[in-house]
Every structure is written in C-alpha cells, then in structure tokens.
Amino acid sequence: MRIELVKRPQQSALFSALSPFIALALTLVAGAIMFSALGKNPADALFYYFIDPLREVWSLHELAVKAAPLILIGVGLSICYLSNNWNIGAEGQLIIGAIAGSILPVVFPAFQSWIVLPLMLIMGMAGGAAYAAIPAWLKTRFNTNEILTSLMLVYVAQLFLDWMVRGPWRNPEGMNFPETRNFHGYAILPEIWPDSGRAHWGFVFALIAAVALWFMLSKTLRGFEVKVLGQSPRAGRFAGFSSARMVFFAFLVSGALAGLAGISEVSGAIGQLRPVISPGYGFAAIIVAFLGRLNPLGIVAAGLVLALSYLGGEAAQISIGVSDKVVRAFQGMLLFFVLACDTLIHYRIRFVGVTAKTGEATQNA
C-alpha cells in the first residue's frame with residue numbers, strides 16, 4: 001500500500017482564501033498544547049506572544065525593524081517560487097549583501113559624504129544578486145539542484161563573515177572583539193521617526209519592493225511570464241519564454257532584495273558587522289512567503305505576523321522563562337500548518353492498493 005496526493009478537479013475558492021487563517025489558528029492551538037506540556041499557562045504565553053508587543057509605541061518600531069528584512073526577502077523569494085525556482089539560500093545572500101555594502105565604511109572610513117549610503121545600498125543589492133547568480137548559473141549550465149547549492153552557499157557566507165570580522169576587518173580599536181569598526185554617520189540608515197523609536201527606512205524599502213513586485217506580477221508581461229513558466233514550463237516554451245533567462249531573473253531579483261535586507265539591517269539596526277547579523281531572517285522569510293500565498297501584498301501582512309512572533313518570543317523568554325528553541329519550534333509549526341493546509345485544500349490523499357487487497361481477502365474468505 002502506498003499513499004498518493006491527487007490534485008482535486010475543483011478547488012474551493014473559499015478555503016483557498018482562508019488557508020493562511022486556518023493555519024494560524026491551528027498554530028495557536030498546537031502552541032497552546034506545547035506550552036501546557038512545558039508547564040506554562042497557554043493564555044499567558046499567547047498573550048506575551050501576540051498582545052504584549054503591540055501595547056507600546058517603541059514596540060511597534062521594533063516590529064517594523066524585524067518585519068523589514070522578512071518582507072524584503074519574502075517578496076524576492078515569491079518570484080523564485082512562482083517561477084518554480086527554489087531559492088533556499090536567501091540567508092547567505094543577505095550576509096554577502098551586508099559584507100559588500102559595508103566595504104565603504106569599513107575599508108574607507110575617511111570617505112564621508114552623503115553619497116556613501118546610496119552607494120552602500122547599491123553595493124549590497126549587487127552583492128546579494130551576484131551570490132544568488134551562483135546557484136542560477138549552476139542550474140542552467142549543469143542542471144544542478146538549486147535547493148542544495150543555494151543552501152550550501154549559506155554556510156560558506158556565514159564562515160566568510162566570521163573570518164572577515166575576526167581577521168582582515170576586525171576593529172583595531174575594538175578591544176580584540178570580533179567586530180568591525182562602527183559605521184560613521186553618513187553610513188547609517190536614518191530612522192523614520194527618531195523621537196518615538198528606532199524603525200529605519202528599511203521598512204519603507206520593504207513596502208516599496210512589495211508594491212513594485214505586486215505591480216510587476218499582476219500588470220506586466222514579465223509577471224505573466226513568471227507565472228506561466230512556474231505552472232507549465234512546456235506552455236512557456238511554446239509562448240517563446242526562456243526558462244534559463246527566467247532562472248537568472250528570479251534568482252537575481254531575490255538575491256538583490258536579500259542583499260538590500262542585509263545592508264539595511266547592518267546600517268540601520270546594528271551599525272557594524274559582527275559574526276552573526278541575522279537571527280535566521282533568510283530562512284524565516286520562506287515561512288513569510290508561503291504564509292502570504294506568494295502574493296507580495298500578502299507577504300507584507302505575513303512579515304508583520306512573523307515579526308510579531310520574534311518580538312513575542314523575546315517577551316515570552318523574559319516573562320515566562322521559555323527558551324529560544326521554543327520560539328523556533330513555534331515558527332516551525334506555523335510553516336508546517338501553512339504547507340499542510342495548502343496541500344490538503346488543493347490535493348486529496350489516496351491510498352493505493354487498499355481496494356485490491358480488500359478484494360483479495362474477500363475472495364479468499
């Protein structure tokens with residue numbers, strides 16, 4: 001006996017629209033069970049996760065700070081996934097974008113001008129795009145699996161960052177700590193409302209990117225090409241669309257936005273390079289992309305929800321004493337239920353071999 005997934009001939013439009021909300025509700029139920037098993041009050045835990053971070057203005061700023069990289073990376077990944085290109089290495093592209101964008105304030109600290117920050121953003125996007133081009137080239141040239149290559153390149157980027165901040169770029173005045181020199185004023189991404197919190201312009205970049213890619217997907221020929229090649233490569237070839245060019249386009253857009261997220265995080269929230277500059281935004285953005293149904297506008301809402309889980313996780317660690325592993329497990333449950341709900345709404349489970357065995361048993365009897 002084997003289990004197969006069979007596509008439903010007619011899919012419920014209502015349940016397709018409600019799928020993210022059903023997944024979120026199931027996550028809350030499973031989370032409550034998990035907290036109960038840990039000996040914590042589920043009501044208190046969920047309150048600290050989803051309500052407490054929204055009660056103060058500064059918390060809303062922190063929500064925007066954490067949501068910005070998730071949205072930027074998520075909308076870029078949506079282009080990849082809609083075109084059937086599985087970029088799992090956005091975390092590495094974020095890191096390389098941050099390194100490339102930090103060249104000016106770290107290597108040339110005496111160069112101080114208003115043009116430094118725009119150049120940093122451009123260099124960050126270029127670095128992320130160049131790093132994403134590696135799995136794209138390997139796929140088109142050697143037909144390698146982009147899931148494996150993009151994922152392995154994440155570890156290369158992490159080790160390269162660690163080597164840079166401990167070696168060539170270590171701050172000579174930093175008391176031997178593994179970090180670069182602090183960025184000067186011209187290299188810092190400005191805050192949106194400095195008087196009320198530290199939310200920076202990275203969040204504005206995320207909103208602009210989401211609107212721009214939504215417009216491209218829904219109103220332009222390139223967006224139509226993305227969807228056609230993702231759903232039916234054979235039909236795309238008949239239409240004259242190039243699968244190889246689409247691989248590069250999807251990876252370059254995704255990598256550029258991940259690089260922009262990296263340099264925005266470093267120049268806006270951190271102010272220097274350190275061995276760890278991301279708590280896993282590149283991987284968490286995969287959850288954001290699917291929770292937003294690969295729609296750039298939906299990804300904005302999904303990014304805010306997952307950023308809320310980051311803030312809530314920090315509040316829960318302080319208030320009720322859970323570990324950061326619980327926070328990661330909670331986010332993992334969210335991804336599991338998102339994928340499970342989408343799968344069961346669009347496919348049905350079929351047990352192959354049950355009927356034949358039942359009939360044979362009846363005949364023998």
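## Basis of the model

Because the structure is predicted, local features need pLDDT of at least 70 and side-chain atom pairs count only at pLDDT 80 or more, whereas totals for chains, interfaces and linings use all residues. Residues are numbered from 1 along each chain as its sequence is written, and side-chain values use heavy atoms, with hydrogens and water left out.

## Overall build

The protein has 15 helices and two strands, where helices (H or I, at least four residues) and strands (E, at least two) are DSSP runs numbered from the N terminus. The radius of gyration is 23 Å, close to the 21 Å that the globule rule gives for 365 residues, so the protein is as compact as a globular protein of that length. This radius is taken over C-alpha atoms, and the globule rule is 2.2 Å times the number of residues to the power 0.38. Along its principal axes the C-alpha trace spans about 90 × 60 × 40 Å.

On a 1 Å grid over the protein atoms alone, a pocket is an open set of points with protein on both sides within 12 Å along at least five of seven lines, a cavity is a set where a 1.4 Å probe fits but cannot get out, and lining residues have an atom within 4 Å of a point. Grid points are joined across faces, edges and corners, and a volume is the space filled by probe spheres set on the points.

The largest pocket has a volume of about 940 Å³, and of its 23 lining residues the closest to the centre are Leu 82, Phe 290, Leu 294, Asp 342 and His 346. Helix H14 (324–346) is among the elements that supply at least two lining residues, as are strand E1 (2–7) and helix H3 (57–82), and H14 gives the largest share, four residues. The lining divides into 11 nonpolar, eight polar and four charged residues, where Ala, Val, Leu, Ile, Met, Phe, Trp, Tyr, Cys and Pro count as nonpolar, Asp, Glu, Lys and Arg as charged, and the others, Gly among them, as polar. The second largest pocket holds about 470 Å³ of space, and among its 20 lining residues Pro 279, Gly 280, Tyr 310, Arg 328 and Gln 331 lie nearest its centre. Here too H14 supplies the largest share, six residues.

## The cavity

By the rule used, there is one cavity of 30 Å³ or more, and the largest cavity has a volume of about 30 Å³. The lining consists of Leu 24, Thr 27, Phe 50, Val 305, Ser 309, Phe 330 and Leu 334, and helix H1 (13–37), H13 and H14 each give two or more of these residues. By class, five are nonpolar, two are polar and none is charged.

## Helices H8 and H9

Two packed helices are described by the angle between their axes and the distance between the axes. H8 and H9 pack at an angle of about 75 degrees, with their axes 5 Å apart, which makes H8 roughly perpendicular to H9. Axes are lines fitted to C-alpha atoms over the stretch in contact, with angles running from 0 to 180 degrees between N-to-C directions, and 65 to 115 degrees counts as roughly perpendicular. The contact (heavy atoms within 4.5 Å) is made by Met 216, Leu 217 and Ser 218 of H8 and by Arg 222, Gly 223, Phe 224, Val 226 and Lys 227 of H9.

How values were computed
Parallel < 35°, antiparallel > 145°, perpendicular 65-115°, else oblique.
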